[in-house]
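User: I have a new model open and want a quick tour. Can you take my questions one at a time?
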Amino acid sequence: MKNFGTRASSYGLDNHGLGNVNAAYWNLSAPQLYAESLNRGEGMLAQGGALVTLTGSHTGRSPNDRFVVEEDSTKDDIWWGNVNVAISEENFERLLDKMLGHLQGRDVFVQDCYAGADEKFRLPIRVVTEEAWHSLFARNMFIQPEPKELPGFKPTWTVLQAPSLEADAAKDGTTSGTFIVVNLGRQMVLVGGSGYAGEIKKSIFSVMNYLLPARDVLPMHCSANIGSDGHSAIFFGLSGTGKTTLSADSSRTLIGDDEHGWSADGIFNFEGGCYAKTINLTRETEPEIFETTRTFGSIIENVVMDPDTRELDFFDTTLTENGRVSYSIEQIPNASETGTGGHPANIMMLTCDAFGVLPPISQLTPDQAMYHFLSGYTAKVAGTERGLKEPQATFSTCFGAPFMPRHPTVYAKLLGDKMAKHGAKCWLVNTGWSGGAYGVGKRFSLKYTRAMVDAILDGTLSDATYSEDPIFGLLIPNKVEGVPVDVLNPRNTWTDKDAYDKQARDLAGRFRKNDETFEMSDEVRAAGPRG
């Protein structure tokens, strides 16, 4: 085996069963990985210096191809079902053998890094990929060790990723040639058959979501930032609901855009980078994120580019609506240097209501916060998952069910305890449709959403007056500075009020049907819709 790079670890690839690879490229820098990627034809340079790549047929996650190994040491802790689908240890070993055999005689790229900005809960990981740009992605998204740490770096978790390797579904226990397999007992993740880089980061997120509750840390699918007053805010939400956009505020310090933990000391980022959607991105609407698309070190996934001018077209959805930019959080001028913050004063649960009946902003009681956290209502946004062409109403418990190995009540109890202990207020913010359902109404204005979030963060809404929604029981502010009064109550935005009432009752019924799947206290269940 030939080793390239000056920062190889003494804990070699043979410890993962990897042998006879052609060459191993260890912990290459961003410029080195750029050079390797361009030389190998993996990408092209855009105007400004970002690396533009395509991920093939997989332009989003493949949730139906994700599995958790059923093994004795962890099987009693897993919330088995449609999200956490079991695969046998025998099938895992078969896939691992295929992966190790596939990588023999090939070049591999190794990145040693951490997940978790708080050193007390930090997870040392190693990501081994067959393409240079995926190694750059890992370097962007995870936390980089100090150079002096690399010679003796010993990972506790390993990700082996090979997009060109496909499973045999009939023999390997998968649903297709694609597989994302998490083995909590072996502390290993296998990713094959998909070049979508997000599978790498989300698999480690799932690992953190399994490990941390046992240490009284709440793992959260949320973004987070800090104001000049030192108060943190967190934004729960699935992809496409606005986590990255709303947390990227030039007047506040960004902690992170997607994955965090809440410990006894406060909150901390799991990642060292951001992974933002680029659809309809402009300098005017999201200046900080826009600038990262024109910066050396960023990776642009599945965005149409003019071959001559190398200009990117964020409005062209020919490839997908799930175009992405991966960048180191250091590219954000006001990013936190430590990736940590104090206990949050405000918690915003973001939903993208495709039915257009939830208010754009409402204050939640503690019981309502628990109800909506367990419900996790939103709409999956087009392109986020393979084959999804338009928003689809869904309930994703904890606003991140695809990444939660344990039962939702484990996370809900942690959230309730921490909210009560630290006095955090909770809000439901709808970034979805107004004036009608998807196809009739329009997506709620980002300008107005920012104004509402500002009113939460500056304390204005603490002194506001509220009216109660008769169907959902939500407290709607009667006035928000910079937001037309008429849009605060969604019923006012519908021309046909009877159609609104019918649609609202329909959604309320969906909530009630969904909450039957959870154990809830009588108080929390009563905090749900009434209509």
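User: What share of the contacts in the chain with a separation of 6 or more comes from residues 24 or more positions apart?
Analyst: Residues 24 or more positions apart account for 72% of those contacts. Contact means heavy atoms within 4.5 Å. Note that this is a predicted model: local features need pLDDT of at least 70, side-chain atom pairs count only at pLDDT 80 or more, and totals for chains, interfaces and linings use all residues. Residues are numbered from 1 along each chain as its sequence is written, and side-chain values use heavy atoms, with hydrogens and water left out.

User: How many helices and strands are there?
Analyst: The chain has 13 helices and 31 strands. Both are DSSP runs numbered from the N terminus: helices are H or I with at least four residues, strands are E with at least two.

User: Why call the chain as compact as a globular protein of that length?
Analyst: The radius of gyration is 23 Å, close to the 24 Å that the globule rule gives for 531 residues, so the chain is as compact as a globular protein of that length. The radius is taken over C-alpha atoms, and the rule is 2.2 Å times the number of residues to the power 0.38. The C-alpha trace spans about 70 × 55 × 45 Å along its principal axes.

User: What about burial, what percentage of residues?
Analyst: Of the 531 residues, 61% count as buried. Buried means under 20% relative accessible area, exposed over 50%, and partly exposed in between (1.4 Å probe, protein chains only).

User: Switching to charges. How many salt bridges are in the whole structure?
Analyst: The search finds 22. A salt bridge is a side-chain nitrogen of Lys or Arg within 4 Å of a carboxyl oxygen of Asp or Glu.

User: Which residues are linked in a network of salt bridges?
Analyst: K201, K202, K243, D258, E259 and E271.

User: Start with D258 and K201. What is the N to O distance?
Analyst: Their side chains meet at 2.6 Å, N to O. The pair links distant parts of the chain, 57 residues apart: D258 is in the loop between β14 and β15 (259-263), and K201 is in helix α5. D258 is buried at 8% relative accessibility. K201 is buried too, at 2%.

User: And E259 with K202, where do they sit?
Analyst: E259 and K202 form a salt bridge at 3.8 Å, N to O. E259 is in strand β15 and K202 in helix α5, again 57 residues apart. Both are buried.

User: Is D72 buried or exposed?
Analyst: D72 is exposed, with a relative accessible area of 62%. D72 forms a salt bridge with K75, with the closest N and O atoms 3.4 Å apart. K75 is partly exposed at 31%.

User: Now R252. What is the nearest side chain of opposite charge?
Analyst: D229, 5.0 Å away. R252 is buried yet has no salt bridge. Charge here means Lys and Arg positive, Asp and Glu negative, with His and the chain ends not counted.

User: Where is R252, and what does it touch?
Analyst: R252 is in the loop between α6 (243-247) and β14 (253-256). Leaving out residues up to four places away in sequence, R252 touches N225, I226, G227, H231, S232, A233, N334 and L457. The side chains of R252 and N225 also make a polar contact of 2.7 Å. That term means a pair of N or O atoms within 3.5 Å; within protein, one must be able to donate a hydrogen and the other to accept it, and residues adjacent in sequence count only if both atoms are side-chain atoms.

User: Which side chains make polar contacts with H58?
Analyst: S62, at 3.0 Å, and T178, at 3.0 Å. H58 is in the loop between β4 (51-53) and β5 (66-69). At 4% relative accessibility, H58 is buried.

User: Backbone next. What is phi of N27?
Analyst: Phi of N27 is positive, about 45 degrees, although N27 is not a glycine. Most residues other than glycine have a negative phi. N27 is in the loop between β2 (23-26) and α1 (30-39), and is buried at 3% relative accessibility.

User: And N280, what is its phi?
Analyst: Phi of N280 is near 60 degrees, a positive value. N280 is in the loop between β17 (273-277) and α7 (287-292). With a relative accessible area of 40%, N280 is partly exposed.
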